[in-house]
Every structure is written in C-alpha cells, then in structure tokens.
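We will go from stop to stop, picking a few residues at a time.

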Amino acid sequence: MDLNKDRLKIVYDREADVLYVTKGTPEYTDYVEHTEDVILRFHPETKQLVGFTLIDFSEHFAQKDSDIALPFGVDFHVETMPRA
C-alpha cells in the first residue's frame, strides 16, 4: 500500500512567493488558471485534481480580511493518530 499517494505536499518558495500544494508525488500535470493567481493542476490521464499553485501567496494574507475561495472540496482523514 502506497501511503504517499494521498498525502499533501506543501511547499512555499519564498523567493518567488508561490505556494505549491500537491496530492501525492509531484509530477507533470495539466493545468487551468482558475483566477489570475490560482492555478489548478490535474492528472493528465485521470483528469483528477492533484494540486494547486497560489501565486503572490504572502500578498493574500498580508491584508486583514483576505481569503481565497477554491472551487473544490476537501476530505481530511488521519493516517496515524498523533501522540498525546
């Protein structure tokens, strides 16, 4: 069983101010620009959403009332229980 296939990988490139969120192992994807600064990434064969890229990440959260609405739902589950 591949435990990494559903894990989220979150990488922030401070120099470029870009946040990358990927489900599973990052690989080549198709993409769609959802907004000027949000890119949705899809598996090229299954067309399933596998991640997104957020450009100008720090600018979104520098403002007090800033938020980002993404066009997909999330189903979280815990693979191992954290220690108490």
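Select Asp-37 to begin: it is buried, with a relative accessible area of 19%, where buried means under 20% relative accessible area, exposed means over 50%, and partly exposed lies in between (1.4 Å probe, protein chains only). You will find Asp-37 in the loop between β3 and β4.

Before we go further, a word on what you are looking at. This is a predicted model, in which local features need pLDDT of at least 70 and side-chain atom pairs count only at pLDDT 80 or more, while totals for chains, interfaces and linings use all residues. Residues are numbered from 1 along each chain as its sequence is written, and side-chain values use heavy atoms, with hydrogens and water left out.

**Around Asp-37**

Keep Asp-37 selected and show its surroundings. Setting aside neighbours within four places in sequence, Asp-37 is in contact with Thr-53, Leu-54, Ile-55 and His-60; contact here means heavy atoms within 4.5 Å. Draw a distance from Asp-37 to Leu-54: their C-alpha atoms are separated by 5.8 Å, although the two are 17 residues apart along the chain.

**The whole chain**

Zoom out and switch to cartoon view. The secondary structure comes to one helix and five strands, running β-β-β-β-β-α from the N terminus on. Helices (H or I, at least four residues) and strands (E, at least two) are DSSP runs, numbered from the N terminus. Of the 84 residues, 23% count as buried.

**The nonpolar core**

Which residues make up the largest nonpolar core? Select Leu-19, Val-21, Val-38, Leu-40, Phe-52 and Leu-54, six residues in all. A nonpolar core is a set of buried Ala, Val, Leu, Ile, Met, Phe, Trp, Tyr and Cys residues joined through side-chain atoms within 4.5 Å. The elements giving two or more residues to this core are β2 (18–23), β4 and β5. In soluble globular proteins, nonpolar side chains tend to be buried together. Centre on Val-38 next: beyond its neighbours within four places in sequence, Val-38 is in contact with Val-32, Glu-33, Thr-53, Leu-54, Ile-68 and Leu-70.

**The aromatic pair**

The structure holds one aromatic pair, so select Tyr-12 and Phe-57, which sit 5.4 Å centre to centre with 55° between the planes, a tilted arrangement. Because Tyr-12 lies in strand β1 (residues 8–13) and Phe-57 in helix α1 (residues 57–62), the pair ties together parts that are 45 residues apart in sequence. Rings of Phe, Tyr and Trp (its six-membered ring) pair if their centres lie within 6.5 Å; planes under 30 degrees apart count as stacked, over 60 as edge-to-face and the rest as tilted. Tyr-12 is partly exposed at 32% relative accessibility, and Phe-57 is partly exposed at 23%.

**The salt bridge**

Go on to Lys-47 and Asp-30. They form a salt bridge, with the closest N and O atoms 3.1 Å apart; the term means a side-chain nitrogen of Lys or Arg within 4 Å of a carboxyl oxygen of Asp or Glu. Lys-47 is in the loop between β4 (38–42) and β5 (49–55), and Asp-30 is in strand β3 (residues 30–35), 17 residues apart. Asp-30 is partly exposed, with a relative accessible area of 26%. Check the backbone of Lys-47 too: its phi is near 65°, a positive value in a residue other than glycine.

Select Asp-17, in the loop between β1 and β2. Asp-17 has a positive phi of about 55° although it is not a glycine, and is buried at 11% relative accessible area.

Finish at Thr-29, in the loop between β2 and β3. Is Thr-29 buried or exposed? At 14% relative accessibility, Thr-29 counts as buried. Not counting residues up to four places away in sequence, Thr-29 touches Arg-41, Phe-42, Pro-44 and Val-50.
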